[in-house]
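Thank you all for coming; I would like to take a few minutes to walk through one structure with you. Please have a look at the sequence and the model before I go on.

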Amino acid sequence: MIELRNISKTYHIGPYKVQAVRDVSLTINTGEFVAIMGSSGSGKSTLMHMLGLLDRPDTGNYKLAGYDVTKLTDEQMAIVRNRLIGFVFQQFHLLPRMTALENAGLPLVYASVHNLDKSKEKLVAVGLQDRIAHKPNELSGGQQQRVAIARALVNEPVLLMADEPTGNLDSKSKEEIMTILKSLNDQGKTVVMVTHEKDMAVYAKRVIQMKDGQIISDEIQQPQTTGSLSHMPTTDWNFIDKTVSSFYDVGKWLDSLKQAVYAMFSHKLRSLLSILGILIGVAAVIAMLALGQGAQESIQRQLAFLGSNLLMVRPGSFTPGPVAVQAGSVTRLNFGDVAAIRQMSDQVKRVSGTVEGRVQVVAGSKNWNTEVDGVDVDYAPMRAYVPQMGRFFTKEEVTSRAKVAVLGTTVVQQLFGDKDPMGEEIRINSVNFKVIGILPSKGASTFRDQDDVVMVPITTAMYRVLGKQYIDSVYVEGTSADVLDDMQGEITRLLVKRHRINGKEQDNAFQVRNMADIKATLEATTKTMSMLLGSIAAISLLVGGIGIMNIMLVSVTERTREIGLRKAIGANREDIMIQFLIEAVMLSLIGGFAGVAFGAGVSLLLTFFAGWAVKISLFSIVLATVFSLVVGLVFGLWPAYQASLLDPIEALRYE
Ligand code: ADP
Ligand code: MG
């Protein structure tokens, strides 16, 4: 069964060398029950770890069941530990959150067997049929060690190794355990046991004494009955090359998920705090996208009504100081200016002067305070105000200062309710007007209700309603967007010349604004807002990720012994890595989903209380979920990798 040739193992601690095992050669046959004895520090455990493929010798040769195992890779060693060797440790090493059944069944997971029948069978065999659903803290020491023995047997190993199995037990339990080991040997199992207690060694058929890393005596206490009971695959070692990557093993994933859930629930507050960062980050992503998209749509709607290729001309700001006082007042626009701009060049398509003011409008018994806009005929097509019902006023009506009005939908609603206003009389500041049309509804802009307006001919507004002698602003439409920049300069020069303005005031006398600039400003504002939220999201996700990483590192450290145990019973690097990655991803996904809910809630509150346009899309939810998944993966990777690198022996010894 076991053939050791000149095995040595030296530990280096700083400048010191400890030769734990020196040049040991040893043969153990199938069916033997060997006790390795010796004082503490004599190298028993070190030898045992090499026998159990938990550690590699520095030099020498080891044949297990006829196969040279010194050349095996780490992964293959894990498989051999899982299939051929069962370990029993002094400290039991049961996982506290799992039942006896789950603990004993743990090696099955790594053998890709996903039912616990075997585990139950072995627990019955060690006499624990009534304790199957108990957790380790509900079991006595002897019972815990019996669970550990059941675990060692669950994959039907050919070799059972026990390192001081009775070291932590009272004398009655010691006897129980030794009786079990003895009967297992009687059934043909090869048993190698380390002990320093003489009373325990008497159960063994052969006793090997060690001192300072060397075998000093080797005697048979009871003659070997038979070696023929062996059922070991002495020749068939194909299984070590035939394993499937655990990546494709759904059962292992489920087991890892179960472990992750256990781990999360055993540290509820800690888990909650660690997902908070992800939660806030994802909520910010959701709110950002909702706000961005909503704003985009509302701007788009407003822009559609703004008109394109438009310039707006207004008198410049009042210039304070002696020069302005001399000039008398701010420069005012007049009809001459409008006509001059219209004639200025071929690039001018349409022009309309406008005046505006607040007025009181009366219809029958209804009274409404609203804005009156005095405009020219071209204003309607320029700014997309062509009436949805009735008509706009004509050139003649403008010239003759006709008392006709086109109403915005809000005004119609206020004055007429559901009645048809067409042809009705209204009074604007006590002047009678006839309603000839209804404007298209434009909805609310950021600052005001764009449908709360009455439009009348500009001349009527100036001379009959508002008593103004000048024009407030002039809208100019160019033939295309490209000509607007040139036109801006031309209009300024024209007006400066017409109004004989000279010197420094030329620059400020008139404002000519491009509506595209307003568009751009609106868009830039939304973008800034989105970017702000975006950076909050990015920072939170980063912080959240670091939080996850931190908690995972803590989790790995806390569970170092568990990792060692899992490796000892056959988990390979990939298995450990997947287990911790799943835990990290699960945490961040939970944070992600909570964040989606929270973000959606915040978005809805924004709409409800601040009146902001928000829109939650499926895309943003998918994006946020993917984000949290990626954060979990990225930040879980390092801790999981650290865990996978742990050496089983050192991990088991970790305090
Ligand atoms: P035993 O099990 O017989 O008490 P061990 O095999 O555990 O003895 O240890 C043998 C010697 O090797 C001891 O002197 C111990 O200090 C040393 N040793 C064991 N493991 C390590 C290690 N990981 N690093 C350094 N020295 C070690
Ligand atoms: Mg020891």
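I will go through the domains, then the ligand site, and then the charged pairs.

Let me say at the outset that what you have on the screen is a predicted model, so please keep that in mind throughout. The domain assignment of the chain gives domain 1 at 2-243, domain 2 at 263-300 + 521-653, and domain 3 at 332-500. If we take the centres over C-alpha atoms, domain 1 and domain 3 are separated by 97 Å.

Turning to the ligand, which residues are the closest to ligand 1? There are 13 residues surrounding ligand 1, and the closest are Gly41, Gly43, Lys44, Ser45 and Thr46. For three of these residues I can give you the individual distances. A backbone N or O atom of Gly41 sits 2.7 Å from an oxygen atom of ligand 1, and a polar backbone atom of Lys44 is 2.9 Å from a ligand oxygen. With Ser45 it is the side chain that takes part, through an N or O atom that lies 2.7 Å from an oxygen atom of ligand 1. On its own, ligand 1 has 550 Å² of accessible area, and the protein covers 71% of that. The elements giving two or more residues to the shell are β1 (2-13), β2 (16-28) and α1 (44-51), and the largest share, 3 residues, comes from α1. Sorted by class, the shell holds 4 nonpolar, 7 polar and 2 charged residues.

Now to the charged pairs. Side chains of opposite charge can pair when their charged atoms come close. Over the whole structure, a search finds 31 salt bridges, and I have picked out a few of them.

In one of these, the side chains of Asp255 and Arg566 meet with an N to O distance of 3.9 Å. This pair links distant parts of the chain, since Asp255 belongs to helix α8 (residues 250-266) and Arg566 to helix α19 (residues 560-568), and the two are 311 residues apart. Are these two partners buried or exposed? Asp255 has a relative accessible area of 11% and therefore counts as buried, and Arg566 is buried as well, with a value of 0%.

A second pair is formed by Lys349 and Glu477, whose closest N and O atoms are 3.6 Å apart. Here too distant parts of the chain are linked, with Lys349 in strand β12 (residues 348-363) and Glu477 in strand β19 (residues 473-478), 128 residues apart. In this case Lys349 is partly exposed, at 47% relative accessible area, whereas Glu477 is buried, at 7%.

Let me end with Glu102, which lies in helix α3 (residues 100-110). At 13% relative accessibility, Glu102 counts as buried, because the cut-off for that term is under 20%. The side chain of Glu102 makes a polar contact, at 3.0 Å, with the side chain of Tyr262.

Note on methods: Residues are numbered from 1 along each chain as its sequence is written. Chains are lettered from A and ligands numbered from 1 in the order in which they are written. This is a predicted model: local features need pLDDT of at least 70, side-chain atom pairs count only at pLDDT 80 or more; totals for chains, interfaces and linings use all residues. Side-chain values use heavy atoms; hydrogens and water are left out. A residue is near a molecule or strand if one of its heavy atoms lies within 4 Å of it. A polar contact is a pair of N or O atoms within 3.5 Å; within protein, one must be able to donate a hydrogen and the other to accept it, and residues adjacent in sequence count only if both atoms are side-chain atoms. Accessible areas come from the Shrake-Rupley method with a 1.4 Å probe; for residues, only the protein chains shown count as cover. Helices (H or I, at least four residues) and strands (E, at least two) are DSSP runs, numbered from the N terminus. Ala, Val, Leu, Ile, Met, Phe, Trp, Tyr, Cys and Pro count as nonpolar, Asp, Glu, Lys and Arg as charged, and the others, Gly among them, as polar. Domain bounds come from an automatic or database domain assignment. A salt bridge is a side-chain nitrogen of Lys or Arg within 4 Å of a carboxyl oxygen of Asp or Glu. Buried means under 20% relative accessible area, exposed over 50%, partly exposed in between (1.4 Å probe, protein chains only).
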